[in-house]
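Please read the points below with the model open beside you.

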Amino acid sequence: MSAIDLRSDTVTRPSAAMRRAMAEAEVADDVLDGDPTTRRLEERIATLLGTEDALFFPSGTQANQTGVALCTAPGTELVLEANAHLVHYELAGVAALSGVQIRPVATPDGLLTADLVRGALRPASPHVPRISAVAMENTHNAAGGKVMPPAVTAGIVTAARTAGLAVHLDGARLWNAAAALGVPPATLTAGATTVMVSLSKGLGCPVGSCLAFPGELRPRAWEIRKRLGGGMRQSGILAAAGLYALEHNLGRIADDHTHAHLLAERLSDCPALRASDPETNIVMLDLVRERDVADAVIPQLAAAGVLVVPFGPRRLRAVTHLDVRRADIERAADIVARVLA
């Protein structure tokens with residue numbers, strides 16, 4: 001029996017129907033002439049996010065870094081939550097690529113707020129860096145897929161705009177946030193300057209993300225993507241997967257949330273760990289016994305048929321996705337409980 005892979009929602013494999021859509025995609029050289037399928041995807045993303053335009057990228061990190069570059073200037077600061085993806089998981093790209101210093105804001109739960117943003121703002125001075133932008137993350141990966149509600153995002157946008165700052169939204173799992181809240185994605189993007197969304201996480205595409213922005217930013221976004229090596233040729237083959245996913249997989253994301261809740265519920269009686277109460281598709285599993293550490297437990301789980309990743313010395317992360325079903329979750333919970341018995 002194959003292993004149940006809960007390491008990430010990026011481990012999904014394209015379905016036969018998605019592969020057919022990719023094989024049959026109308027394509028052209030996107031760098032020279034524009035790829036028609038890629039442009040259709042970009043227009044669809046812009047409509048869903050309530051922005052004027054969008055650009056297709058090979059990765060979320062590249063799209064995130066382009067968004068930061070559009071919102072900031074070298075030698076300035078970017079305000080963001082202290083455990084944001086941009087802080088820990090993009091190899092200091094904010095500094096290396098944009099010449100920007102991060103100003104991390106500590107929170108108890110990963111939820112940045114307008115008050116915290118205002119508290120991080122420096123008074124104008126010739127002796128301290130100028131802040132140029134604020135970054136939000138929705139959902140928050142390191143906080144276990146925590147959702148930022150519309151009132152919170154609106155408050156941050158208002159605080160930033162009042163201070164004359166741009167706003168970048170890392171929405172790698174924005175589809176999950178919208179599904180959890182029961183609102184259109186555009187409700188969560190209002191007022192943001194740039195918005196990154198992933199196609200290769202909850203939507204099940206093999207590759208790709210998009211960055212959305214006002215129309216006048218497209219030439220600069222294109223230039224930055226080109227500089228980062230993101231200019232693709234017949235990219236419609238990949239974009240077709242995104243169009244298929246938006247049509248067929250977007251509406252089922254709530255199923256992943258249901259499965260995450262099921263996993264947490266099934267493990268609630270396991271004395272060796274404490275499962276988080278998931279808001280979306282991420283379950284954090286904290287090991288509570290002194291003898292159990294992530295580096296030792298993870299290989300044991302893998303040998304028994306469940307794959308997860310470490311998120312700290314005693315924390316494991318499990319992510320549900322479209323390639324796991326209810327029966328898989330039930331079996332995974334049984335295996336975890338047995339291994340940790």
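**Notes on a helix and a buried arginine**

1. In this predicted model, helix 13 has five residues to look at first, since they are given as its buried ones: Ile 329, Ala 332, Ala 333, Ile 335 and Val 336. These residues lie on the same side of helix 13, because the arc they cover around the axis is only 165°.

2. On the face of helix 13 turned away from the buried side, you will find the exposed residues Ala 327 and Arg 338. The cover over the buried residues, by contrast, includes strand 1 (4-5), strand 9 (273-275) and strand 11 (306-307), together with helix 11 (253-266) and helix 12 (294-304).

3. As for its length, helix 13 runs over residues 326-339, and its 14 residues reach 20 Å from the first C-alpha to the last, which is close to the 20 Å expected at 1.5 Å a residue.

4. Turning to strand 13 (residues 315-319), please look at Arg 317, which lies in it. Arg 317 is buried yet has no salt bridge, and the nearest side chain of opposite charge, that of Asp 9, is 5.9 Å away, whereas a salt bridge would need the charged atoms to be within 4 Å.

5. Beyond its neighbours within four places in sequence, the residues in contact with Arg 317 include Leu 6, Ser 8, Arg 173, Ile 282 and Phe 311.

Terms used: Residues numbered from 1 in each chain as written. Predicted model: local features only at pLDDT ≥ 70, side-chain atom pairs only at ≥ 80, totals over all residues. Heavy atoms only, no water. Helix = DSSP H or I, 4+ residues; strand = E, 2+ residues; numbered from the N terminus. Buried < 20%, exposed > 50% of the residue type's maximum accessible area, 1.4 Å probe, protein only. Lys, Arg positive; Asp, Glu negative; His and termini not counted. Contact = heavy atoms within 4.5 Å. Expected span 1.5 Å × (residues − 1). Arc of directions from axis to C-beta.
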